[in-house]
Amino acid sequence: MAQQPRGTKPAAPEAQPTDLLSARAGAHRPTGFFDKPGVRKFVRNRTGMASLIVISLFVIVAVAIAIPPHLISLDQVQSRVGPGTQPGFGLASDPYARIEVAEFFLGEVEKALDSSEPEAALAELRFAERSVKMMPVEEIEAALDSGYEAFDLLDEALIEFEDAEIEVEELEDDGAEAAELAEARAAVAATRAEFAAALLALETEVDKLFPSPTGWDAFVYKLRLVAGTDRQGRSIAFRAIYSIKTATQIGMVTALFSIIVGAILGGAAGFFGGIVDHAVVWLYSTLSSIPYIIWLIVIAFVFRESTWHVPLLGKPVSQTLIPVYIAFSVTLWVGTCRVIRGEAMKIKSMDYIQSAVSIGASPFRILIKHVLPNVMYLLFINFSLAFVAAIKGEVILSYLGLGVPGGQPSWGVMIRDSKEDVVLGVFWELGAATLMMFILVYAFNILSDALQDAFDPKHVG
Amino acid sequence: MWSYVVRRVLYNIPIYLVIVMVVMAMLRINDPVSAYLSKNATEAERALKEAEFGLDQPFLVQYFQMLKSIVTLDFSAKSWYQETNTVGQVIGPSILPSLKITIPALLFSTLIAIVVALIAAANRGRAIDRGLMFIAVVGMSVSFLVFIILGQYFGAFWLTEKTGVDLFAVRYDADRLSGNFAADWVKYFLLPVMISVVVSMGYDTRFYRTVIVEQTNADYIRTAKAKGCSQARVMFIHLLRNAMIPIITRVMITMPFLIVGSLLLEVYFSIPGMGATLLTHMQNKDFAVTQTIVAILAAIFILSNILTDVLYAIVDPRVRLS
């Protein structure tokens, strides 16, 4: 199946020009980037463009997190926002979850008061946008007492409500008379209302200690709790968003490295052949004879005890992402290299390359001017394949404890941490991390399909 | 044919020699002995450990000793982590559990993926094809680990609690084996194998579908149809044989990923396979076992590469002549 490179493609048979003007227009076909047939086909592909937009959004968020006025700082994702393992979305308004939140805030104030320096401890008591109201310690103590009083009242109301509910169930099981049943149901409604009122009263008391944020802060605070909290009471939503930066960082570095190295080595091997070709083929068959997980384990083994400090970062190498980059880079360039080598070999025998050689073009010029444009789409496709491979690989590495080090969150770290929660039927952390990752990886998968559709003449849909 | 096999073997030997050398060199970048011994170990203890494992000798001597032990299958060096066992005694029992996952996983995933791909290709462009491919891309976009976590939750916890069917164990437990090979395999290995199959399904189906669709345009298919073959006969008899080359390549290419997958599954389900053993011993700074397992895994890959080439030659006689 000989491939027809775009450079030599005969002009499509055009409609017979009816007048001089259109004939001239045909003669001077625009040759800008957006007029190439592949690009035009790609731009017309709606799902492809949508995925490109999604990916751009992710990259923008990643950049916003990474550059100085950080959208989300590392401190923010590591600090607690409330009690641990809280549900998100609608479930946050579940009465039991609300009781837990109130209990948590009262408990934290009590702990601070019990410490040796209550004032300092209170001043430090801060959960993102929510902090203790500035007032004298005595007043706080009083507020805490009234908070606990409200809590006791709530407890009573809750017990009454639950008793009433149990009674209804018993009556239903016994097949009691309708009148009796209706009475019991009325009691449930009444106690439920009492319970709700007591809960509201408790929350008002808690609000006196920990004023709910208002305005913009309230919005941010809600956003933090939108997907619940993890075991340590940290915001799942913010951790999942921050992980975009981690994923983009790993994906960009390794994908860029692998396509650049893959293109250079593959192009050289395919184009020059001979000893260069043998050396490159030998190199990649050697490297790919060990799966990357083994490479990674070996690399981790090497870096684990290393005390070598990375010059610019000022951290020991085991605390950086460098082992992860190396492990992915070592293996991911091989795919690109194979494809480019095959394509370069094919292009080499094309007529237009022969003519370029015969008019005395240098090999370098031929590579840049004639070969590179024809393999560009392959580089894009392989870039997105490598990106996806790196993001998905990071999860596996983080699970094995070899991935993202320190307190930096990543989807892999989140999925690993969620393991114990899932056993208890809590899916918030797993769900948030998986969803974020799914959107990005799915977009990349769609993008590479769209690129293939648009640029690969052999591609079958 | 035999000359072809010999050529492939000869071609792969230098590759393997270099792999072993690279691995050995990498593992020595950071002194393995000081990583293993505690910080306040004396110089004498260090020297003793080095001498015991021959680390005080020149690199090339160590290299040839390593090669000799691989060629003669003599793994009698002491493990650093389980000090009463030799490296061979550590690695030996871990091979079978790994094979119990990888071989069924490879078999099932390939067979199911080919059948699904044939169905999709036969209905190319229709709703069933588009639906299957959509599911495939969705499956490709979810992490392996998520499949494992959810698979274990629903297969081992949820199923037992909600329906009372205690089909799968949560994790491998050597003390609870019943002794019945098949029953034990179903209880402890079937769930990991199923997860592995589901994970590879997305990639494999898409790939095989592309291969098959490419073949459907070939002349011989038109001829077969013209002489009145049924659609099923064309698909399964004529087309499949010709699609075999890319399929074999694919199966062999997925081998490394299978090891990765089985490593994860082994760790997650506490199955004492090669991957889990490697990880445990690496985390405990067991230099001897780490080095040997990596060398053995590399040997397995090289052998699978050779096997791929030989299979090519069997399926397509043109290959061995080129």
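## Worked exercises on a predicted model

**Exercise 1.** Is His370(A) buried or exposed?

*Solution.* Start with the count: His370(A) has 21 C-beta neighbours inside 10 Å. Next, recall that a residue is buried if 20 or more other C-beta atoms lie within 10 Å of its own. His370(A) therefore counts as buried. To place this residue, look at helix 15 (residues 363-399) of chain A, where His370(A) lies. Keep in mind that this is a predicted model.

**Exercise 2.** Work out how helix 3 and helix 18 of chain A are arranged.

*Solution.* Two packed helices are described by the angle between their axes and the distance between the axes. Here, helix 3 (residues 46-66) and helix 18 (residues 428-455) of chain A pack at an angle of about 140°, and their axes are 8 Å apart. Because of that angle, helix 3 of chain A is oblique to helix 18 of chain A. Their crossing is left-handed.

Now for the residues: helix 3 of chain A brings, among others, Leu52(A), Ile55(A) and Phe58(A), while those of helix 18 of chain A include Leu440(A), Phe444(A) and Ile446(A). By class, the contact of these two helices has eleven nonpolar, three polar and no charged residues.

**Exercise 3.** How far apart are the C-alpha atoms of His370(A) and Ile446(A)?

*Solution.* Along the chain, the two residues are 76 residues apart.

**Exercise 4.** Describe the side of chain B that touches chain A.

*Solution.* First, the counts: 38 residues of chain B are in contact with 31 residues of chain A. Elements giving two or more residues to this side of chain B include helix 1 (2-27), helix 9 (190-216) and helix 14 (287-315) of chain B. Finally, sort by class: 32 nonpolar, five polar and one charged.

Note on methods: Residues are numbered from 1 along each chain as its sequence is written. Chains are lettered from A and ligands numbered from 1 in the order in which they are written. This is a predicted model: local features need pLDDT of at least 70, side-chain atom pairs count only at pLDDT 80 or more; totals for chains, interfaces and linings use all residues. Helices (H or I, at least four residues) and strands (E, at least two) are DSSP runs, numbered from the N terminus. A residue is buried if 20 or more other C-beta atoms lie within 10 Å of its own, exposed if 12 or fewer, and partly exposed in between; C-beta atoms are placed from the backbone. Two residues are in contact if their C-beta atoms, placed from the backbone, lie within 7 Å. Ala, Val, Leu, Ile, Met, Phe, Trp, Tyr, Cys and Pro count as nonpolar, Asp, Glu, Lys and Arg as charged, and the others, Gly among them, as polar. Axes are lines fitted to C-alpha atoms, for helices over the stretch in contact, and angles run from 0 to 180 degrees between N-to-C directions. Angles under 35 degrees count as roughly parallel, over 145 as roughly antiparallel, 65 to 115 as roughly perpendicular and the rest as oblique. A crossing is left-handed if the near helix is turned anticlockwise from the far one by less than a right angle, and right-handed if clockwise.
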